[in-house]
Amino acid sequence: MMTGAEYIESLRSLKTEVYFMGKRVESVVDHPAMRPHINSAAVTYDVATNPETAHLGSAVSHLSGRTINRWTHIPQNQDDLVKKAMMLRVAGQITGTCFQRCVGMDGFITTYSTTYEMDQKYGTDYHERFKRFLIATQDKDFMTDGAMTDPKGDRSKSPSQQHDPDLFVRVVEQRPDGIVIRGAKLHQTGAINSHQILVMPGQGLQPHEKEYAVICAVPAAAPGVVFVFGRQVNDSRKWEGEIDQGNATYGTVGGEAMIIFEDVFVPHERVFMNGETEFAAMLVDRFASYHRQNYGACKSGNLDVLVGATAALADIHGVAKAGHVRDKLTEMAHLVETMYSGALACSFNCTHLGCGTAFVDQTLANVSKFNTARYYPEVTRLAQDIAGGFIATLPSEKELENPRVAKYIHKYYQTRPDVPALDRIRLGRLVENMTGATPIIECMHGAGSPQAQKVVLQRQIDWLKRIKLARRIAGVANAEAPK
Ligand code: SF4
Ligand code: FE
């Protein structure tokens, strides 16, 4: 396993083609817009190697028997799923933001069972290929971008009906030695700091849409792979200074990027689905469940930080003992624990797939993510309520070096003699960072928009059973009756 520092160093030798603000980025590691996200991803390496957290962050590979980073592990049992959730909460507490590596993890877990089931049906050898790829990934401890979200074009149309056939990643050429893929994936968390990309379909497919049914692994530096790093609210603060960022070490959400596949060749050895359209929906469905499990865990870890920042500010402001402040802080904590309980519950209530992989309870996993989309904004609202309006009007950190006004910033932002104004400013900036538009949108749409979770719930809930329960207790004649 690599440490965080070794992971960061390993990125230096990657010759990826990355663009930001119209320019090619020579070194992602040294770029101020990217480094915080890289530091955050590095925490996934440290959680696995630090003796205090290694019991969560590492696992024994069921394939090689070797100790590996849990972000590359296929959960074999309930304990693995519970530890996955616990690991994410811990990493979320350390970073206060997204650490990015879980999309690739869930891509591995899902591709593992999907390839197994494809082989069962068709006698293909995708599963053996995938196992070889996975063992190599585990042994090298690579960070992998799980690339699922296509541009999608007109949402009322399927991939083959779009005005441009490239709006979903597709195979444009079948060669004797491999395939050639074209298209793009959007909103790719951790993409520019991954060693490789696991490309997967992003939705169910019609039988004639074989060219879109593709799972394959591509090195991040493969010819024709182009990354375009996205902008974020307030991102220029990253190259202007430190304090105003709020979370200068780890950044804000996942440092998302667009990945363009400009006719990229992939050898057969790295192709894990090639035309099996009927397995696309199953893959997406399973992937979504594992990733929705995560949200109740990583975001509750992040919000532990926000609860702490809010409580600290309440204390600095002298309102910590006010009844309504204590009540609101308690409400924040309650919402956070509710989010986390979904992540744990879907892990405890797991089943096993044919290949042996432990599978989260889909209903509870979707509840976990739905609660996150609902409660993260609610917790941020309460944080802003308690923290006060100053978080939206703070002067720039540059004023702290401005000889004309610096002493007044320190003087008028100080609330008590024993607490320097800078403590209040730093905590205020952290609250601003965590309650802004970007993390809230991320909690809304990451792992699927809330409506996607409702669709699964509508499908999963046994409505008739519930009606029968009520009819029996209410004494309605013939409890078995209607549909
Ligand atoms: Fe992991 Fe959470 Fe980031 Fe998704 S949003 S990659 S689950 S930290
Ligand atoms: Fe996410």
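Is threonine 110 buried or exposed? Select it and see: threonine 110 counts as buried, at 0% relative accessibility. (Buried means under 20% relative accessible area, exposed over 50%, and partly exposed in between, with a 1.4 Å probe and protein chains only.)

Before going on, note that this is a predicted model: local features need pLDDT of at least 70, side-chain atom pairs count only at pLDDT 80 or more, and totals for chains, interfaces and linings use all residues. Residues are numbered from 1 along each chain as its sequence is written, and side-chain values use heavy atoms, with hydrogens and water left out.

**Stop 1: around threonine 110**

Threonine 110 sits in helix H5, residues 102–122. (Helices, H or I, have at least four residues and strands, E, at least two; both are DSSP runs numbered from the N terminus.) Show its neighbours. Leaving out residues up to four places away in sequence, threonine 110 touches Leu283, Arg286, Phe287 and Tyr290. (Contact means heavy atoms within 4.5 Å.)

**Stop 2: helix H8 and its partners**

Select helix H8, residues 280–317, and helix H9, residues 323–348. Their axes come within 8 Å and cross at roughly 165 degrees. (Axes are lines fitted to C-alpha atoms, for helices over the stretch in contact; angles run from 0 to 180 degrees between N-to-C directions.) H8 and H9 are therefore roughly antiparallel to each other. (Under 35 degrees counts as roughly parallel, over 145 as roughly antiparallel, 65 to 115 as roughly perpendicular, and the rest as oblique.) The contact of H8 with H9 has 15 nonpolar, five polar and two charged residues. (Ala, Val, Leu, Ile, Met, Phe, Trp, Tyr, Cys and Pro count as nonpolar; Asp, Glu, Lys and Arg as charged; the others, Gly among them, as polar.)

On the H4 side, the contact includes Leu81, Leu88 and Gly92; on the H8 side, Tyr290, Ala297 and Val305 are among the residues. By class, the contact of H4 with H8 divides into seven nonpolar, eight polar and three charged residues.

**Stop 3: the cores**

Select Trp71, Leu88 and Leu198. These have the most contacts inside the largest nonpolar core, which has 54 residues. (A nonpolar core is a set of buried Ala, Val, Leu, Ile, Met, Phe, Trp, Tyr and Cys residues joined through side-chain atoms within 4.5 Å.) Another core lies apart from it, with 39 residues, including Ile8, Tyr45, Ile197 and Val218. In soluble globular proteins, nonpolar side chains tend to be buried together.

Zoom in on leucine 198. Beyond four places in sequence, its contacts include Phe108, Phe133, Ile215 and Phe272.

**Stop 4: single residues**

Go to lysine 15, in the loop between helix H1 (4–12) and strand E1 (17–20). Lysine 15 is exposed, with a relative accessible area of 63%.

Next, valine 253. It is not a glycine, yet its phi is positive, about 40 degrees. Valine 253 lies in the loop between helix H7 (237–240) and strand E11 (257–267). Valine 253 is buried, at 6% relative accessible area.

Move on to aspartate 263, in strand E11. Its phi is also positive, near 55 degrees. Aspartate 263 is partly exposed, at 39%.

**Stop 5: helices H10 and H14**

Finish with H10 (residues 362–387) and H14 (residues 450–460), whose axes come within 9 Å and cross at roughly 150 degrees. That makes H10 roughly antiparallel to H14.

Notes: Chains lettered and ligands numbered in written order.
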